[in-house]
Amino acid sequence: MTVSWQSKTPPDEVRLGFGNWLLILLRAPLLAALVFGGLMVLLLLRLIERPICGLARPVTPYITQAVCRSALKIIGFKFKVTGQGMRDPGAVVANHSTWLDIFALNATKRIYFVSKAEVANWPGIGWLARATGTVFIERDRSKAREQADLFERRLKAGHKLLFFPEGTSTDGRRVLPFKTTLFAPFLSEDLKPLLSVQPVSVAYLAPVGQPDRFYGWWAEMGFGPNLLKILGQPKQGCISVHFHTPLKVSDFTNRKTLAAAAEQAVRAGFQKQLPR
């Protein structure tokens, strides 16, 4: 995958020794069995859930949440959550540092990611994304109305949609300016009085002795080497997730003011969680 954000300094070279490979050989089979075993259970349950409930998914999101929590334990992360996930209908927005965000955010809340359409075709990951109810969108203005309608159907079905307004992952040491496009559907006449948007700040604290940007995923970094680096790390760092006060969409006049308020909350929470 090519990640669009680029840093002034290139990513650190991945170097794996004998001890790292032993950990990889221990953790990787457990992780694969958990993820794909959980996926099989989810798909079987969905065969029953879908004809009865349609878009609604009253059961299968619990499978996704349990798998992601267990995956983080297998990898060895410390995990800290502050604040409360909202109960109101609406969306969740967060900063984006790495593919690990998918596990971290799914572990804390039953959500559905909004992702660019090409992810649906990625080997393995695309399959997982489709099975767990990810909403795929295209960066095409001609599809804007169609995608707004899709958002509306999913939100009215009670889904909490989560998207990354930065539009790219980073080195995990910054929050990029939020793009406002995906905020627009929430301001429709039908949805605006009903919805809230909850900002969430996610920070990764590097393992002792490793660079601060150890968990970031950016530039031309491949998924495979990044995964192996993390699986081979003897003692992991900590993932910190903070849920901010939800923003009532009806309090905002347009997508730009809503996006600015969400960005301000995410940025402030992110900076507070970083080590001094």
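**Notes on the aromatic pairs and the overall fold**

1. F77, Y204, F214 and Y215 come together as one aromatic cluster. Keep in mind that this is a predicted model. In total, the structure holds 11 aromatic pairs.

2. Have a look at W99 and F103 too. Their ring centres sit 6.2 Å apart with the planes at 80°, so this pair is edge-to-face; the cut-off for that label is over 60 degrees. W99 has 7% relative accessibility and counts as buried, and F103, at 17%, counts as buried as well, the limit being under 20%.

3. F163 and F186 make a stacked pair, with 5.8 Å from centre to centre and 15° between the planes. This pair ties together distant parts of the chain: F163 belongs to strand β5 (residues 161-163), while F186 lies in the loop between β5 and β6 (196-205), 23 residues apart. F163 is buried at 1% relative accessibility, and F186 is buried at 1% too.

4. Now the fold as a whole. The chain has 7 helices and 8 strands. Its radius of gyration is 19 Å, close to the 19 Å the globule rule gives for 276 residues, so the chain is as compact as a globular protein of that length. The C-alpha trace spans about 60 × 45 × 35 Å along its principal axes.

5. Of the contacts between residues at least 6 apart in sequence, 77% join residues at least 24 apart.

6. As for the surface, the accessible area is about 13,900 Å², and 59% of that belongs to carbon and sulfur atoms. The chain carries 36 positive and 19 negative side chains, with the centres of the two sets 6 Å apart.

Terms used: Residues are numbered from 1 along each chain as its sequence is written. This is a predicted model: local features need pLDDT of at least 70, side-chain atom pairs count only at pLDDT 80 or more; totals for chains, interfaces and linings use all residues. Side-chain values use heavy atoms; hydrogens and water are left out. Helices (H or I, at least four residues) and strands (E, at least two) are DSSP runs, numbered from the N terminus. The radius of gyration is taken over C-alpha atoms; the globule rule is 2.2 Å times the number of residues to the power 0.38. Contact means heavy atoms within 4.5 Å. Accessible areas come from the Shrake-Rupley method with a 1.4 Å probe; for residues, only the protein chains shown count as cover. Lys and Arg count as positive and Asp and Glu as negative; His and the chain ends are not counted. The place of a charge is taken as NZ of Lys, CZ of Arg, CG of Asp or CD of Glu. Rings of Phe, Tyr and Trp (its six-membered ring) pair if their centres lie within 6.5 Å; planes under 30 degrees apart count as stacked, over 60 as edge-to-face and the rest as tilted. Buried means under 20% relative accessible area, exposed over 50%, partly exposed in between (1.4 Å probe, protein chains only).
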